[in-house]
Amino acid sequence: MPMHRKTLTELKAGLDAGDFSARELAEHFLARIDTLDPQLNSFISVTRDQALAQADAADQARAAGQAGLLNGLPIAHKDIFCTRGVRTSCGSRMLDNFISPYDATVVERMQAAGAVMLGKTNMDEFAMGSSNETSWYGPVKNPWDVARVPGGSSGGSAAAVAARLVPAATGTDTGGSIRQPAALTGITGLKPTYGRVSRWGMIAFASSLDQAGPMATSAADCALLLSAMSGHDPRDSTSVHQPVDDYSAALDQPLKGLRIGVPEEFFPATLDDRIASTTRAAMAELEKQGATLVSIRLPSVDLSVPAYYVIAPAEASSNLSRFDGVRYGYRCDDPQDLEDMYKRSRSEGFGAEVKRRILVGTYALSHGYYDAYYLRAQKVRRLISNDFARAFEQVDVIMGPTSPEQAFALGAKSDDPVTMYMADVFTIAVNLAGLPALSMPAGMIDGLPVGIQVIGNYFREGQILNVAHQFQQATDWHQQAPAFGEGA
Amino acid sequence: MALDPKALSGVAHLARLHLDPADTDALTERLNSILGMVDRLQEADVADVAPLAHPLDATQPLRDDTVSEADIREQVQPLAPATGDGCYLVPRVIE
């Protein structure tokens, strides 16, 4: 089996056994990126020299008996994570010239564990999008069908992993930005509990919702990555003091006695029958393994999209006020005065979707509208969170589809923001409540992957990874790779 | 609630964004379609519901009031569009 068809876990075993070196591994994947990525556009920056230096250091560490958890394993970081000495663009013209002077905690931790960064992946601008079409660097193509989107906002990470240009990548998820692209590209992606992974050095979109997580081809790989990414960070005041579980050790628990909540609201009458039946077939597989299905209600999740599109833009309008053309980032030519500099730098530096969200957020927070929009959205957020809390009194995990549809055609929704926002209808409630959730492939329709979602209670990442791993032990959907690039 | 082009121009000023007059009508329409979707929030019965600002019941951690950051001016100032004598340069504010 070629190296790029192995999982991260298998590559780790190969490195341990001396079947190949970290340098050989890095060179193999870098060559694939060089050959194939021009068709996908999944990378914004490829950090070849740095990757080879890190790979050599990993080989030396292994020879010295000092191999870390991810020693020598190639990964890519979403271009939202600050990487010292490397452009960190967040998919925006605003930061096209920004060479970060520091590493994000996630980057630092994975590097300390021995990971080899091959590059920075493309993304929707400032993580605002569900199709990866809002990037300043152009859209990313889905390797299952290059006329379709890979989902977003972590679309570059998803496409790169699905095309086996890199065995794993980081993503961030504010409203579904790890899970929805994972579903649309047939990979496994996990959004941890809010506060589980440090947000320090991760460029902020909506601070009460943003969370980083792993994207790979299996739940076992996500478990390995999450172990390296997680943990308290004194530099992020929302980072929690919970001990980090041994996620890999939890994978092999049998599922007998597991109670799976099936919310009616995740199977609306309008849902594509084929997606509903794919999701139900996956749950039936888990039933065979001893799980029981429990019908539950989440009556307020129906309002999660409207609540999110007040709260997230409101927080974004505040977070993005820092981009003013003074200390870093884009500045317009020949400003007439200070105000002209602010306004033109921001208008020229930000793309259309980012500006729309800033305007919606500014409006929702403005005098006279705060109570009607922002405060009301926060109250609805409480109702949604309470729905999940009640459900988790009866069940261990909650399951449903990740996305109401498979990968859609490039350009199909780019003129209609509200239709695009509905792509995240099943993922957003989880962010509002701060819960962990995973998407994994569970079927194919018309040659395109379908993802299902497993939602856990707070800090039960180990449990949802266990459920996903057991499903993946019994099925092979996660092993299916696109034909794209197989000749390379 | 809906925006008109005049209200939009006020919001754009608050957000320090320059609007292209040629795009204002189309932008107003798109923002109103978003606000229309968001208006479904009015359906919710939120009487006696406390707002949720943060998903976990967390308190703001405190640290000792001591200097913890080194002076990194030399690393960060080269990122700025314009600097001089260790300061950030912007267009003249006071004539």
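**Two chains, talked through**

Biologist: Let's start with a salt bridge: which residue does A:Arg179 form one with?
Modeller: Keep in mind that this is a predicted model. Here the closest N and O atoms are 2.9 Å apart, inside the 4 Å cut-off. Both residues of the pair are buried. The partner of A:Arg179 is A:Asp173.

Biologist: And how many salt bridges are there over all chains?
Modeller: Some join up, with A:Arg23, A:Glu27 and A:Asp56 linked in a network. Over all chains, the rule brings the count of salt bridges to 28.

Biologist: What about A:Glu339 and A:Lys343: which one counts as buried?
Modeller: This is a salt bridge too, its closest N and O atoms being 3.4 Å apart. The two are four residues apart in helix H10 of chain A, so about one helical turn separates them. A:Glu339 comes out at 32%, which makes it partly exposed. At 16% relative accessibility, the buried one is A:Lys343.

Biologist: On to the rings. Is the pair of A:Tyr309 and A:Tyr421 stacked or edge-to-face?
Modeller: The structure holds 13 aromatic pairs over all chains. In this one the rings are 3.7 Å centre to centre, with 5 degrees between the planes. Planes under 30 degrees apart pass the cut-off, so the pair is stacked.

Biologist: How many residues apart in sequence are the parts it ties together?
Modeller: A:Tyr309 lies in helix H9 of chain A, whereas A:Tyr421 lies in helix H13 of chain A. Both tyrosines are buried. The pair therefore ties together parts whose separation in sequence, in residues, is 112.

Biologist: What kind of pair do A:Tyr363 and A:Tyr373 make?
Modeller: Their centres are 5.8 Å apart and the planes meet at 55 degrees.

Biologist: Which helix of chain A holds A:Tyr373?
Modeller: A:Tyr363 lies in helix H11, and the pair ties together parts 10 residues apart in sequence.

Biologist: Now the two chains together. What area do chain B and chain A bury between them?
Modeller: The contact takes 49 residues from chain B and 62 from chain A. On chain B's part, B:Leu41, B:Leu52 and B:Leu79 supply 14% of the area it buries, more than any other three residues. Of the buried total, 72% is on carbon and sulfur atoms, and that total is about 5100 Å².

Biologist: Which helix of chain B gives the most to the side that touches chain A?
Modeller: The interface has 15 residue pairs in polar contact. Helices H1, H2 and H3 of chain B each supply at least two residues of that side. With eight residues, the one that gives the most is H2(B).

Biologist: Last one: which residue of chain B forms a salt bridge with A:Asp302?
Modeller: Across this interface the rule finds three salt bridges. In one of them the closest N and O atoms are 3.1 Å apart, and the partner of A:Asp302 is B:Arg40.

Terms used:
Residues are numbered from 1 along each chain as its sequence is written. Chains are lettered from A and ligands numbered from 1 in the order in which they are written. This is a predicted model: local features need pLDDT of at least 70, side-chain atom pairs count only at pLDDT 80 or more; totals for chains, interfaces and linings use all residues. Side-chain values use heavy atoms; hydrogens and water are left out. Contact means heavy atoms within 4.5 Å. Buried area is the accessible area (1.4 Å probe) that two parts lose on being put together, summed over both. A salt bridge is a side-chain nitrogen of Lys or Arg within 4 Å of a carboxyl oxygen of Asp or Glu. A polar contact is a pair of N or O atoms within 3.5 Å; within protein, one must be able to donate a hydrogen and the other to accept it, and residues adjacent in sequence count only if both atoms are side-chain atoms. Rings of Phe, Tyr and Trp (its six-membered ring) pair if their centres lie within 6.5 Å; planes under 30 degrees apart count as stacked, over 60 as edge-to-face and the rest as tilted. Buried means under 20% relative accessible area, exposed over 50%, partly exposed in between (1.4 Å probe, protein chains only).
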